[in-house]
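Visitor: I would like to go through this model and ask what stands behind each label. Please set each value against its cut-off.

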Amino acid sequence: MGGVRVPAQIFLWSLSIVYLFAFASIYIQVPGLFGDEGLVPVHLQVAGVQRPLLEQLQASPSLLWLGPTLGLGPQQALEIICLLGVLLSLGAVLLGALRDSLVYLCLWALYLSLYTVGGDFLHAEWDNLLLEAGLLAALVAPCALLRRLSTSSHHDPVTFWLTRWLFFRLVLCTGVSKLASGDPSWWDLTALSRHFETQASPTPLAWYAHQLPDWLSKLGAVYILTAEITVPLLMFFAPVRGLRIGAFYIQVFLQLCFILLGGFSLLHLLTITLSFSLLDNDHFSSQKKKTKTKTWSQFLVSCLSFLVKLAVYLLVLFSAIKLFKLEINWEKKVVTSKTTFTRKSFEEFVKQIQDPTIWVGVLSLTWEVVAALLKCVCARGVLNKLLSLIQWAIFTAAAAAVFALSLVPYTAMAGMSGGKILPEVRKAYGAVEKYQLVSAYGIQHRMVPPAGRPEIVLEGSADKKTWTELNLMYKPDSLSECPPVVGPHQPRLDWLLWEAAVGEHDQNHWFTGLMQRLLEGKPDVVSLLQVDEAQYPFSQTPPAFVRAKVYHYHFTRTTEDGTHPQAWWKRQYVREFFPTVHLGDPALSVLLSDAGLKEKYPVQSSPDTPVSQALGLLRGHVRGLSGPLVLLTLFATVASILLLKALFSRPRHPKGPKPKSTSEHKNKKPREAHEGSEKSRAPPNRGGKKDNSEERKQDSDRSPPRKRK
């Protein structure tokens, strides 16, 4: 594999953008989720802490515990953590000098601080992925302190290889979990026809995709399973460069489809970010190599590479046709598909690929390590060689440690066995598990609901007779409203409501806090539902009673004449989710105590300091604005700055004759030397330099150009 400096820089830049979106999105929601009057106030965690600071940091790694020492309230500490993350990630996006190892280590520590105290709201799969990718970025990014000692970067392919291993684990485990979970919709290939309406944040394009014929949706399911299982197994670690490039475009196309049809989730952005690990410098080189006559050995190697690529692509196509029984029905002009393997055979297949995939990873990493070692040995200078070898040893040890730790969650994938992992590795993984250095993916696969999209609908009433629905901005509560475009904002409450709809309220303790805050009419929580007060029916007076119901939502279908129906959704009542409660209700008090949301300690008001005043001023500018609007404005600002930076940093070519080639320059050197010797022998001009220069200019104008031989 060629150099990796360019794709590594793209990976770091893309990860900085993801960090920027993540920190900014959380900052917008901090008061409603974790504030003093939020759903799960974070001061409840800080109030009962009696341990020394170092012990608390070791037990629960979060910079939040430094708040009391610095004179900050819990909510203020969370806001400062988010703002520091926004500033650091913004600097890394705009300035290449800030894409440093220490910067990414700080970003990882800041996000880990939020993850540790965030509870259910910050424990999504993309949160784990962002932490693991952020740690790898600290290894991939150049370190300014080391660059002062040595400019060697021979270890870069070793650390950057870890991102490809993470990408492999993510894609393969996600694909395997779809079938290993026993989800019937993936086994009969009808998952997409239901997924468009049951996903977390469907876009308006998802409604149109839902109108596609069933055979085309099944074909899409075949493409997803092939891209997530067959392609990573055969192409991610292939020694042929063209196969890795093909796998890159297959995965990027799949993620772009997910973004267009299902929102701008951080998971899709992170997947695209990790996909750059399949590329090298040559893929971004704009200079075409001069065609030279190939030797027989080079010709045979290129022919062999072409045959290998052709064989792998045909194998991928053949496996899809054979395993999913793809057949063309020429009469109906459709492509039929059907799974031809059983669940037992698939589980056996997963067990069989466990050891080979691990050994492929070991061999691939060993190849990169040995190649980097040879480059260090060939470095010029004894001191430079010694420093290169020291860096190689340090980063190789770090890469080997991360790879060994990742085997524990990798073998936790459904169908695999972790019994072959060394006990020492398991013990080390248990010791660092709270730092989220490595994570498991695809474990919590959500079944595609067969009966429709379950949605929790909140209702409020002033007299317990007339009930009014409390619609959320990013949920399909209203049947006639178009599905909202959320991304790149991550509405945490809306997505937890989407997940909670398949269970019961006692499994989601935060839901009791939501009902309590709605009865109290807390504006920070109400802003999570609606930022526009005109859209919230109880903006003047809080409801006296609240309750929650579960409905099954379905996308509507086009009419027989092909016109768009008036409503986007249709629904039917299923069950009660939360009983009717009111302030002072004994049942509500018991539920709050069970959820740990009862105030055991008096809430201490934050001190009025310049920092708190600045935070309040900034919060006042953001309050009343929706999350997507704030993040899109931030994205447009960053894009404008990058565009202006590119325009002003473009090299300007001076007007005049083009620079001569090297050969012309060499031919001119003896002539200039001869002319210089003649001028040195000529008598000096007493009239000064100006007259002499004018005479030379006139002579040059009169004399014809010399002909070259």
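Visitor: Are K178 and E228 buried or exposed?

Guide: Both K178 and E228 are buried in this predicted model. The label buried means under 20% relative accessible area.

Visitor: What makes K178 and E228 a salt bridge?

Guide: Their side chains meet at 3.0 Å, N to O. The cut-off is 4 Å between a Lys or Arg side-chain nitrogen and a carboxyl oxygen of Asp or Glu, so a pair at 3.0 Å qualifies. This pair links distant parts of the chain, with K178 in helix α8 (residues 156-180) and E228 in helix α12, 50 residues apart. The structure holds 15 salt bridges.

Visitor: Why is E455 called buried?

Guide: E455 has 0% relative accessibility. Buried means under 20%, so E455 counts as buried.

Visitor: And why does K475 count as buried?

Guide: K475 is at 6% relative accessibility, which is also under 20%, so the label buried applies. Salt bridges that share partners join K475, E455 and R453 into one network.

Visitor: How do you know that E455 and K475 form a salt bridge?

Guide: The N to O distance between their side chains is 1.9 Å. The limit is 4 Å, so the pair meets the criterion. E455 is in strand β3 (residues 453-461), whereas K475 is in the loop between β4 (467-469) and α19 (492-500); the two are 20 residues apart and link distant parts of the chain.

Visitor: Why is E347 called partly exposed?

Guide: The relative accessible area of E347 is 33%. Buried requires under 20% and exposed requires over 50%, so 33% falls in between and E347 is partly exposed.

Visitor: Why does R343 get the label partly exposed?

Guide: R343 has a relative accessible area of 41%, which also lies between 20% and 50%, so R343 is partly exposed. The side chains of R343 and E347 meet in a salt bridge at 3.5 Å, N to O. Both residues lie in helix α16 (residues 343-377), four residues apart, about one turn of the helix.

Visitor: Why does the span of helix α15 agree with its number of residues?

Guide: Helix α15 (residues 296-323) has 28 residues, and at 1.5 Å a residue it should span 40 Å. The expected span takes one less than the number of residues. The end C-alpha atoms of α15 are 40 Å apart, so expectation and model agree.

Visitor: Which residues of α15 are buried, and what covers them?

Guide: V312, V316, S319 and A320 are buried. The cover includes α12 (214-235) and α13 (241-262). After α15 comes K325, with a positive phi near 45°.

Visitor: Which residues touch the most other members of the largest nonpolar core?

Guide: I456, L458, L493, F511, L514 and L529 do, in a core of 179 residues. Helix α1 (residues 5-34) gives the largest share of this core, 18 residues. Leaving aside neighbours within four places in sequence, L514 is in contact with L39, L458, L493, L497, V525 and L529.

Visitor: What are the totals for the protein chain?

Guide: The protein chain has 26 helices and six strands, and 46% of its 709 residues count as buried. Among contacts between residues at least 6 apart in sequence, 77% join residues at least 24 apart.

Note on methods:
Residues are numbered from 1 along each chain as its sequence is written. This is a predicted model: local features need pLDDT of at least 70, side-chain atom pairs count only at pLDDT 80 or more; totals for chains, interfaces and linings use all residues. Side-chain values use heavy atoms; hydrogens and water are left out. Buried means under 20% relative accessible area, exposed over 50%, partly exposed in between (1.4 Å probe, protein chains only). Contact means heavy atoms within 4.5 Å. A nonpolar core is a set of buried Ala, Val, Leu, Ile, Met, Phe, Trp, Tyr and Cys residues joined through side-chain atoms within 4.5 Å.
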